[in-house]
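Please read the points below with the model open beside you, and check each one against it as you go.

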Amino acid sequence: MGRVPNVTRADAQAALRNPLAFIAARWTPDPRTVRRAALTALVMSVVIVVTGGAVRLTGSGLGCPTWPKCTDDSLTTTSEMGLHGVIEFGNRLLTYVLCAAVGWAIVAARSQKPYRRSLTLLGWTQFWIVMGNAVLGGIVVLVGLNPYTVAAHFLLSSALIAVATVMWQRTREGDAEPRPLVGKAVVQLVWFLVAASVLLIAVGTVVTGAGPHAGDSSEVARMPVDWEAVAKLHAVLAWIVVTLTFALWFVLKAVDAPKGPLARTRELFLILLAQGAIGYVQYFTDLPEVLVGAHMFGSCVMWIWVLRVLLSLRERPEETAPQPSPVPAQEPATRASIAGPR
């Protein structure tokens, strides 16, 4: 076994002043470790959305009636609060797991050699979104599950998924300037797809905010709109996204695009078909909780793949160090040149 170096007082002070720099100076993670850390943060950002949906679908939204404590007198759930309290408090605990996953991604990105500032910034962006969403989640409880705050809570979670997806992609790329793999018209079509997907997700939060799953058995305010009409608008937007995806696949085939964009588009099309099937079944079966939860999970997967399609349209190779200028060859010195001019 190798000798364990002694940690001096100066080392301890340096670790307290800048712990990330202290770790980075002593640890260089394998590139696969950085990718796995970014993927873990992405997976946990989806898990927290699904478990948050479970809180709502089981009517446990006010299982802990206050925040940041679970009750006025207890930080944790109590036996009197029953299963609803356990479900709500369990979802709160998962926020710490999410923070740990994002923290690991930040540490791994900061310690990578060479240092990649853009990758570390993506990790910190996730951290601050998590912090903001935790506060917003507390506001949701304090205002009695107001549907507009619930919708904002979900949209901020979607933003977290977006940043985590970009970071995961960037761990598999270099830092050179991006090179487009397709033409400008194709890129514009994909941006239309992204915009339609954002609108689809936003309208989906209105369906939830006006629908029957209020999140708690008590009287909870709902959005003053006809949820069935909004659900039909949601379905129309879903068909627009499906149509744009199919059109994109057709265009990519026509222009003989690289395999990456074609594969991501084909995968997105299959995900959309599965998501649409779940959506229609849940609508015609009076929104059973299991199917609504599956639809929320499908929404997260769809959003990830829309972003993967966008990111597949370019490549970013590793940066190459500038080559030193070649030294011009010198002619052999003669006796006269050595002696200098007479």
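Predicted model: local features only at pLDDT ≥ 70, side-chain atom pairs only at ≥ 80, totals over all residues.

1. Helices (H or I, at least four residues) and strands (E, at least two) are DSSP runs, numbered from the N terminus.

2. Residues are numbered from 1 along each chain as its sequence is written, and side-chain values use heavy atoms, with hydrogens and water left out.

3. For the overall plan, the protein chain holds eleven helices and two strands, and from the N terminus on its elements follow the order α-α-α-α-α-α-β-α-α-α-α-β-α. Of the 342 residues in the protein chain, 42% are buried, where buried means under 20% relative accessible area, exposed means over 50%, and partly exposed lies in between (1.4 Å probe, protein chains only).

4. How do helix 8 and helix 9 pack, and at what angle? Helix 8 covers residues 227-254 and helix 9 covers residues 259-284, and the two pack at an angle of about 160° with their axes 10 Å apart; here axes are lines fitted to C-alpha atoms, for helices over the stretch in contact, and angles run from 0 to 180 degrees between N-to-C directions. That angle makes helix 8 roughly antiparallel to helix 9, given that angles under 35 degrees count as roughly parallel, over 145 as roughly antiparallel, 65 to 115 as roughly perpendicular and the rest as oblique. Sorted by class, the contact of helix 8 with helix 9 has 17 nonpolar, two polar and four charged residues, with Ala, Val, Leu, Ile, Met, Phe, Trp, Tyr, Cys and Pro counted as nonpolar, Asp, Glu, Lys and Arg as charged, and the others, Gly among them, as polar.

5. T245 lies in helix 8 and, at 0% relative accessibility, counts as buried; its C-alpha atom is 8.3 Å from that of R266, although T245 and R266 are 21 residues apart in sequence. D256, by contrast, is found in the loop between helix 8 and helix 9, is exposed with a relative accessible area of 66%, and has a phi near 55°, a positive value in a residue other than glycine.

6. The loop between helix 9 and helix 10 (289-311) contains D286, whose phi is near 60°, again a positive value in a residue other than glycine. D286 is exposed, with a relative accessible area of 69%.

7. In the loop between helix 4 (82-111) and helix 5 (117-142) lies P114, which is joined to K113 by a cis peptide bond with omega of about -5°. Another cis peptide bond runs from W67 to P68, with omega near 10°, and P68 is found in the loop between helix 3 (31-57) and helix 4.

8. What does a search of the whole structure find among the aromatic rings? It finds seven aromatic pairs, where rings of Phe, Tyr and Trp (its six-membered ring) pair if their centres lie within 6.5 Å, and planes under 30 degrees apart count as stacked, over 60 as edge-to-face and the rest as tilted. The rings of Y283 and F284 have centres 5.2 Å apart and planes at 85°, so this pair is edge-to-face. Y283 is partly exposed at 26% relative accessibility, whereas F284 is exposed at 61%. W227, Y280, Y283 and F284 form one aromatic cluster.

9. Finally, V198 is placed in helix 7 (residues 184-210) and is partly exposed, with a relative accessible area of 42%. The C-alpha atoms of V198 and W303 are separated by 8.3 Å, while the two residues are 105 apart along the chain.
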